Amino acid sequence: MLLSSFLLQATPAETGAGGGPQFWIMMGLIMVVFWFFMIRPQQKKAKDAKKFRESLQKGSKVVTIGGIHGKVLEVADTTILLEVDSNVKLRFEKSAIAMDNTMQLNEAAKG
């Protein structure tokens with residue numbers, strides 16, 4: 001009688017210490033949720049930005065990350081030449097181009 005009550009008290013502590021499959025299923029679900037809400041949107045946004053920078057053409061109106069508006073005069077492999085004012089030309093890395101100027105105007109019209 002004393003031995004059986006002792007074994008019944010020891011059973012829950014032994015199963016909880018090992019972790020069990022429920023712990024690993026929960027950790028897997030947390031990783032999946034983390035991937036869907038944190039990593040995947042960032043990858044999609046980076047992919048869209050890269051696609052936009054590769055599609056830049058002469059004559060496009062763009063905005064840099066620093067907020068400078070300009071018109072594309074020349075596109076090279078890694079750089080881009082912008083005309084920001086009459087006879088004022090600046091060369092930027094392609095990674096410094098944030099968006100198409102027309103996209104910004106469309107977003108302002110929506111909001």
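In strand β4, L90 is the bridge partner of L82. The two residues belong to the pairing of strand β3 (residues 79–85) with strand β4 (residues 88–93), which is antiparallel and comprises six bridges. Strands here are DSSP runs of E with at least two residues, helices are runs of H or I with at least four residues, and both are numbered from the N terminus. Two strands are said to pair if DSSP finds at least two bridges between them.

The model is predicted: local features need pLDDT of at least 70, side-chain atom pairs count only at pLDDT 80 or more, and totals for chains, interfaces and linings use all residues. Residues are numbered from 1 along each chain as its sequence is written, and side-chain values use heavy atoms, with hydrogens and water left out.

**Overall architecture**

The protein contains three helices and five strands, arranged along the sequence as α-α-β-β-β-β-β-α. Of its 111 residues, 15% are buried. Buried denotes a relative accessible area under 20%, exposed one over 50%, and partly exposed a value in between, for a 1.4 Å probe and protein chains only. The accessible surface amounts to about 9100 Å², and carbon and sulfur atoms account for 63% of that surface. These areas come from the Shrake-Rupley method with a 1.4 Å probe, and for residues only the protein chains shown count as cover. A contact requires heavy atoms within 4.5 Å. Among contacts between residues at least 6 apart in sequence, 32% join residues at least 24 apart.

Strand β2 (residues 69–75) runs antiparallel to β3 and is joined to β3 by four bridges. These two strands form a hairpin with three residues between them. L81 of β3 is the bridge partner of E74, and L81 also stands opposite R91 in β4.

The hairpin of β3 and β4 has two residues between its strands. N87 lies in the loop between these strands. Although N87 is not a glycine, its phi is positive, at about 65°. Most residues other than glycine have a negative phi. D85 is found in strand β3, and its C-alpha atom is 8.9 Å from that of K71, a residue 14 places away in sequence.

**Charged residues**

How many salt bridges does a search of the whole structure find? The search finds one, where a salt bridge is a side-chain nitrogen of Lys or Arg within 4 Å of a carboxyl oxygen of Asp or Glu. R91 forms a salt bridge with E74, and the closest N and O atoms are 3.6 Å apart. Because R91 lies in strand β4 and E74 in strand β2, the pair ties together parts that are 17 residues apart in sequence. Side chains of opposite charge can pair when their charged atoms come close.

D100, located in strand β5 (residues 97–100), is buried yet has no salt bridge. The nearest side chain of opposite charge is that of K61, 9.2 Å away. Leaving out residues up to four places away in sequence, D100 touches F52, K61 and V62.

E54 is found in helix α2 (residues 20–54). The C-alpha atoms of E54 and V75, 21 residues apart along the chain, are separated by 9.7 Å.

The table lists the accessibility of several residues discussed above.

| Residue | Relative accessible area | Class |
|---|---|---|
| E54 | 57% | exposed |
| E74 | 36% | partly exposed |
| D85 | 48% | partly exposed |
| N87 | 73% | exposed |
| R91 | 47% | partly exposed |

**The nonpolar core**

Which residues make up the largest nonpolar core? The nine members are F52, L56, V62, V72, I80, L82, F92, A96 and I97. A nonpolar core is a set of buried Ala, Val, Leu, Ile, Met, Phe, Trp, Tyr and Cys residues joined through side-chain atoms within 4.5 Å. In soluble globular proteins, nonpolar side chains tend to be buried together. With neighbours within four places in sequence set aside, V72 is in contact with Q57, K58, G59, S60, V62, I80, L81 and L82.

How values were computed: Lys, Arg positive; Asp, Glu negative; His and termini not counted.
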